[in-house]
Amino acid sequence: MATDGPSITRLIAHCPPLDANSAYCNLLQCTHFAESCIVAEHGGEGGIAGWVSGYRPPSDPESFFVWQVAVSPAARGHGLAGRMIEALLDRPAAAGVTHLITTVTEDNRASWALFEGLARRWNAPLAKSALFERETHFAGAHATEWQARIGPLPR
C-alpha cells in the first residue's frame, strides 16, 4: 500500500548496509509491485517489523528476484525474513517460479545466512556468481554484488 511507503523508508534507513532507495522508489514498489512485495507489521503496534521487495525479471520470468530485505532490529532472529520470502513465493503472482535470485555483497553475512539457510531448508542448490563488479559497474564506489541463484525450488 502506498501509505506504507514512509514507514518502509524509515525501516530501510535503520537497516544498514541496505541501500536507501528514494521515498518515491519505495512508493512505486508498494503500488506497481505490490504483488511481489510484503510488509510484516508489529503485533498491535502498527509499525513495520519487516519488508521484502522483489519482482519477476521480464528476461527471466521463471525466477523471482529479491530486491531488498529489511527487518527491524527488534524483530531479528525469529526467521521473519525467510517467512516473508516464502509467503511471497506462495502468492499467485509467483506461480511458475522455479528459482529465487538476489544480489548480495560479499561482506553481508546476515543476507548470506538468510539465503544459504533458505537453500538448505528447500534442499535446493545455491549458485554464486559476480553480477555487478566494483570497478566495471560501480566505478569503484560500491562493492561487487554477487548473484545468489537458488533452485530449482520445491513445488
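I take contact to mean heavy atoms within 4.5 Å. The model is predicted, and I kept to its conventions: local features need pLDDT of at least 70, side-chain atom pairs count only at pLDDT 80 or more, and totals for chains, interfaces and linings use all residues. Residues are numbered from 1 along each chain as its sequence is written, and side-chain values use heavy atoms, with hydrogens and water left out.

**Thr144**

I looked up Thr144 and found it in the loop between helix H5 (134-138) and S6, where helices (H or I, at least four residues) and strands (E, at least two) are DSSP runs numbered from the N terminus. With a relative accessible area of 19%, Thr144 is buried, a word I use for under 20% relative accessible area (1.4 Å probe, protein chains only), with exposed being over 50% and partly exposed in between. Not counting residues up to four places away in sequence, Thr144 touches Val104, Thr105, Glu106, Ala130, Phe132, Glu133 and Arg134. For Arg134, I noted that its backbone nitrogen lies 3.0 Å from a polar atom of the Thr144 side chain.

**Thr102**

I then turned to Thr102 in strand S4, which counts as buried at 3% relative accessibility. Its contacts, leaving aside neighbours within four places in sequence, are Phe65, Val66, Phe115, Trp146, Gln147 and Ala148, and its side chain reaches the backbone oxygen of Val66 at 2.8 Å. I also checked Asp90, which is 12 residues from Thr102 along the chain, and the two C-alpha atoms are separated by 18 Å.

**Helix H1**

In helix H1 (residues 5-13), I found Gly5, Ile8, Leu11 and Ile12 buried. They lie on the same side of H1, because they cover an arc of only 125 degrees around the axis, the arc being that of the directions from the helix axis to the C-beta atoms. These buried residues pack against helix H2 (23-31), strand S1 (37-41), strand S2 (48-55) and S3.

**Largest pocket**

Last, I looked at the largest pocket, with a volume of about 580 Å³. A pocket here is an open set of points on a 1 Å grid over the protein atoms alone, where a 1.4 Å probe fits, with protein on both sides within 12 Å along at least five of seven lines; lining residues have an atom within 4 Å of a point. The volume is the space filled by probe spheres set on the points. Of its 27 lining residues, Asp19, Trp67, Thr103, Val104 and Glu145 are the closest to the centre. Strand S3 (63-71), strand S4 (99-105), helix H4 (109-122), strand S5 (126-132) and strand S6 (145-150) each supply at least two residues of this lining.

Terms used: A polar contact is a pair of N or O atoms within 3.5 Å; within protein, one must be able to donate a hydrogen and the other to accept it, and residues adjacent in sequence count only if both atoms are side-chain atoms.
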